[in-house]
Amino acid sequence: MPMRTPVLAATWLALTTSTWAATVQVTVQARDGKPLPNAVVVLEVTDGRAVAAPSPSPHTITQERMQFVPAVSVVPVGSRVTFSNLDRWDHHVRGGPPGLQGLGASAGFEFRLAGAVQGQNPSSHEQVLDKPGPLQLGCHLHGSMRGFVYVADTPWSVATSAEGVALLSQVPEGPMRLRIWHPDQLVESAPLIVDVKAITSLNVPTQIQPRRARRVTHEAPSVY
Ligand SMILES: [Cu+2]
């Protein structure tokens, strides 16, 4: 039936247009107007549209020079995260809800990793993170160690770069809710509604003022 062809082609075009994926560039600013690194930018659908859950993927967080690297990770929910100790001394890693670090291990997980020995693989531990939301990492042995993992339940969750920029790709066009999370936020800021177009670029000022970054130490700690 040759007469049907134009109709079918028009339908196909309409469908592909409505499911067009966009790239969204979000620049997050601190309270003082400077770019805000390590802010997690999250986009969620607002209208109940069916979207695929993010696929779990393996991630690694190392302990090196008394720091968690990266300091803020974003991982899809259900991901397996390998913690790997590159320092010559032990770390006793713990993870739990932010702000509850003093409440013991019952709120999260903990494990001890022996110090690295030259010529051997570093000691590692795998942890599956299956609960969405932010987690704070710390170390029982070194109170200055602080890290974060944001466990994301939408495919569009990215931490901002040193320039305060998050690039989210394959975002469906239409209204989306934009949320920002940062380790040093005092309260969670109100979400924004963003109308996503083929290319969307926006600046988001916040009230968040990051703590000053700790100087990287190259020396062994006084406590092992
Ligand atoms: Cu430690």
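Start by selecting strand β3, residues 59-64, together with β4: the two run antiparallel and are joined by three bridges. Strands here are DSSP runs of type E of at least two residues, helices are runs of H or I of at least four, and both are numbered from the N terminus. Two strands count as paired if DSSP finds at least two bridges between them. Zoom in on glutamine 63, whose bridge partner in β4 is phenylalanine 68.

A quick note before moving on. This is a predicted model, in which local features need pLDDT of at least 70 and side-chain atom pairs count only at pLDDT 80 or more, while totals for chains, interfaces and linings use all residues. Residues are numbered from 1 along each chain as its sequence is written, and side-chain values use heavy atoms, with hydrogens and water left out.

**The open sheet**

You have an open sheet of four strands in the order β4-β3-β6-β9, with mixed pairing. Its edges are β4 (67-69) and β9 (124-129); each has a single partner strand, so one side of each has no neighbour in the sheet. Neighbouring strands here are turned by 25° against each other on average, direction ignored. That angle is taken between lines fitted to C-alpha atoms, for helices over the stretch in contact, and runs from 0 to 180 degrees between N-to-C directions.

Stay on β9 and pick glutamine 127, which is found in that strand. Is glutamine 127 buried or exposed? It is buried, because its relative accessible area is 17%; buried means under 20%, exposed over 50%, and partly exposed in between, with a 1.4 Å probe and protein chains only. Beyond residues up to four places away in sequence, glutamine 127 touches Ser79, Arg80, Val81, Phe83, Phe109 and Phe111, where contact means heavy atoms within 4.5 Å. Phenylalanine 83 is 44 residues from glutamine 127 along the chain, yet their C-alpha atoms are separated by 7.8 Å.

Histidine 91 in strand β7 (residues 91-96) and cysteine 139 in strand β10 (residues 133-139) are 48 residues apart, so to speak a link between distant parts of the chain. Histidine 91 counts as buried at 0% relative accessibility, and cysteine 139 does too, at 2%.

**The largest core**

Select Val26 and Leu178 now. Of the 22 residues in the largest nonpolar core, these two touch the most other members. Such a core is a set of buried Ala, Val, Leu, Ile, Met, Phe, Trp, Tyr and Cys residues joined through side-chain atoms within 4.5 Å. Several strands each supply at least two of its residues, among them β1 (21-29), β2 (40-45) and β14 (174-181). The largest share, four residues, comes from β1. A second, separate core of 18 residues includes Ile61, Val93, Cys139 and Val149.

For a last stop, pick glutamine 29, which lies in β1. Glutamine 29 is partly exposed, with a relative accessible area of 23%.
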